[in-house]
Amino acid sequence: MDKRFEAVDKRFEQVDKHFEQIEGRFAELSRRMFQFMIWSFGFTVTAAGVIIAVLKF
C-alpha cells in the first residue's frame, strides 16, 4: 500500500514540474510579445514621422 502512495506522490511531483515548465514558457512568451509590441509601436511612430515629413516638404 505504501508503495502505491509513493508512486502516486512521484507522479504528482512530475506533474508539478511539468506545470512549472509550462508556466516558464508562458512567461517567456509574454515577455517576447511585449517586446514585439514595443518595437512595432516604435517602428510605426517612426514611419509615420517620416511620411509626414516627406509630405510636408
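Is Arg31 buried, exposed or partly exposed? Arg31 counts as partly exposed, because its relative accessible area is 40%, and on the scale used here buried means under 20% relative accessible area, exposed means over 50%, and partly exposed is what lies in between, with a 1.4 Å probe and protein chains only.

Before I go on, a word on the model. What you see is a predicted model, in which local features need a pLDDT of at least 70 and side-chain atom pairs count only at pLDDT 80 or more, while totals for chains, interfaces and linings use all residues. Residues are numbered from 1 along each chain as its sequence is written, and side-chain values use heavy atoms, with hydrogens and water left out.

Let me begin with the overall form. The protein chain has 1 helix and 0 strands, where helices (H or I, at least four residues) and strands (E, at least two) are DSSP runs numbered from the N terminus. The C-alpha atoms of the chain fill a box of roughly 85 × 10 × 5 Å along the principal axes. The radius of gyration is 25 Å, whereas a compact globule of 57 residues would have one near 10 Å; this radius is taken over C-alpha atoms, and the globule rule is 2.2 Å times the number of residues to the power 0.38. Gln14 lies in helix H1 and counts as partly exposed because its relative accessibility is 49%.

How much of the chain is buried? Buried residues make up 0% of the 57 residues. The chain exposes about 6,000 Å², of which carbon and sulfur atoms supply 68%, and such areas come from the Shrake-Rupley method with a 1.4 Å probe, where for residues only the protein chains shown count as cover.

Now to the salt bridges, each being a side-chain nitrogen of Lys or Arg within 4 Å of a carboxyl oxygen of Asp or Glu. A search of the whole structure finds 2 of them, and Glu28, Arg31 and Arg32 are linked in a network. Glu28 and Arg31 meet at 2.6 Å, N to O, and because these two are 3 residues apart in helix H1, about one helical turn separates them. Glu28 is partly exposed at 31% relative accessibility, whereas Arg32 counts as exposed at 55%.

I turn next to charge and surface patches. The chain has 9 positive and 8 negative side chains, and the centres of the two sets lie 10 Å apart; Lys and Arg count as positive and Asp and Glu as negative, with His and the chain ends not counted, and each charge is placed at NZ of Lys, CZ of Arg, CG of Asp or CD of Glu.

Patches are made of residues with over 30% relative accessible area and no salt bridge, like charges being joined within 9 Å and nonpolar side chains (Val, Leu, Ile, Met, Phe, Trp, Tyr) within 5 Å. Asp2, Glu6, Asp9, Glu13, Asp16, Glu20 and Glu23 gather in a negative surface patch. Glu23 lies in helix H1, which spans residues 2–56, and counts as exposed because its relative accessibility is 57%. Phe34, Phe36, Met37 and Ile38 make a nonpolar patch of about 480 Å², and Ile38, also in helix H1, is partly exposed with a relative accessible area of 49%.
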